[in-house]
Amino acid sequence: MKRSIFFLITSIIGALLGAMMLFTPAKAAESFGLETSPAINMMFGIIGGMLLGVAFLNFMVRNHGDSATLKTVLMTNIVLHAISICTDLVSVSNGVLEFSKIVPAIVIHLFVGIGAIIYAMKIKSSI
């Protein structure tokens, strides 16, 4: 897959999930099996806004050539999705979330994280 297509896919996924979390946080929380509350809705809104920002960044760099900056964007995606997998799994181990409810999120985190690793390794410029 071309890197520009990877960035386009990640930006679409991020924009869709981010918009759902920002604009319908109760529905997003319910999809994870959480009871809604003002605090949960606020947290999902914050996460949604962050996802929209990252989606915008990925969309804007989709056609950029190799550079240290593009490698940094890819590394940021790696860190973001690695941390997200860890927090999802900690939530499962603490009994906050059911594993079956986070499987789609884990698949997305792995797709973006592994893809970002592959494309970052292809960029020769150092950071």
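How do α3 and α4 run relative to each other, roughly parallel or roughly antiparallel? Keep the question in mind while making the selections below; the model is a predicted one.

**Stop 1: the helix pair.** Select residues 38-60, which form helix α3, and residues 68-93, which form helix α4. The two helices pack with their axes 11 Å apart and at an angle of about 150 degrees. Angles over 145 degrees count as roughly antiparallel, and α3 and α4 are therefore roughly antiparallel to each other. The crossing of α3 past α4 is left-handed.

**Stop 2: the contact between them.** On α3, show the side chains of Met 50, Val 54, Leu 57 and Asn 58. On α4, show Val 73, Asn 77 and Leu 80. These residues make the contact. Coloured by class, the contact of α3 with α4 has 5 nonpolar and 2 polar residues, with no charged residues.

**Stop 3: the largest pocket.** Next, select Met 21, Phe 32, Ile 47, Asp 88 and His 109, the lining residues that lie nearest the centre of the largest pocket. This pocket holds about 830 Å³ of space, and its lining numbers 34 residues.

**Stop 4: the lining by class.** Finally, colour the lining of the largest pocket by residue class: 22 residues are nonpolar, 10 are polar and 2 are charged.

Key: Residues are numbered from 1 along each chain as its sequence is written. This is a predicted model: local features need pLDDT of at least 70, side-chain atom pairs count only at pLDDT 80 or more; totals for chains, interfaces and linings use all residues. Side-chain values use heavy atoms; hydrogens and water are left out. Axes are lines fitted to C-alpha atoms, for helices over the stretch in contact, and angles run from 0 to 180 degrees between N-to-C directions. Helices (H or I, at least four residues) and strands (E, at least two) are DSSP runs, numbered from the N terminus. Angles under 35 degrees count as roughly parallel, over 145 as roughly antiparallel, 65 to 115 as roughly perpendicular and the rest as oblique. A crossing is left-handed if the near helix is turned anticlockwise from the far one by less than a right angle, and right-handed if clockwise. Contact means heavy atoms within 4.5 Å. Ala, Val, Leu, Ile, Met, Phe, Trp, Tyr, Cys and Pro count as nonpolar, Asp, Glu, Lys and Arg as charged, and the others, Gly among them, as polar. On a 1 Å grid over the protein atoms alone, a cavity is a set of points where a 1.4 Å probe fits but cannot get out, and a pocket is an open set with protein on both sides within 12 Å along at least five of seven lines; lining residues have an atom within 4 Å of a point. Grid points are joined across faces, edges and corners, and a volume is the space filled by probe spheres set on the points.
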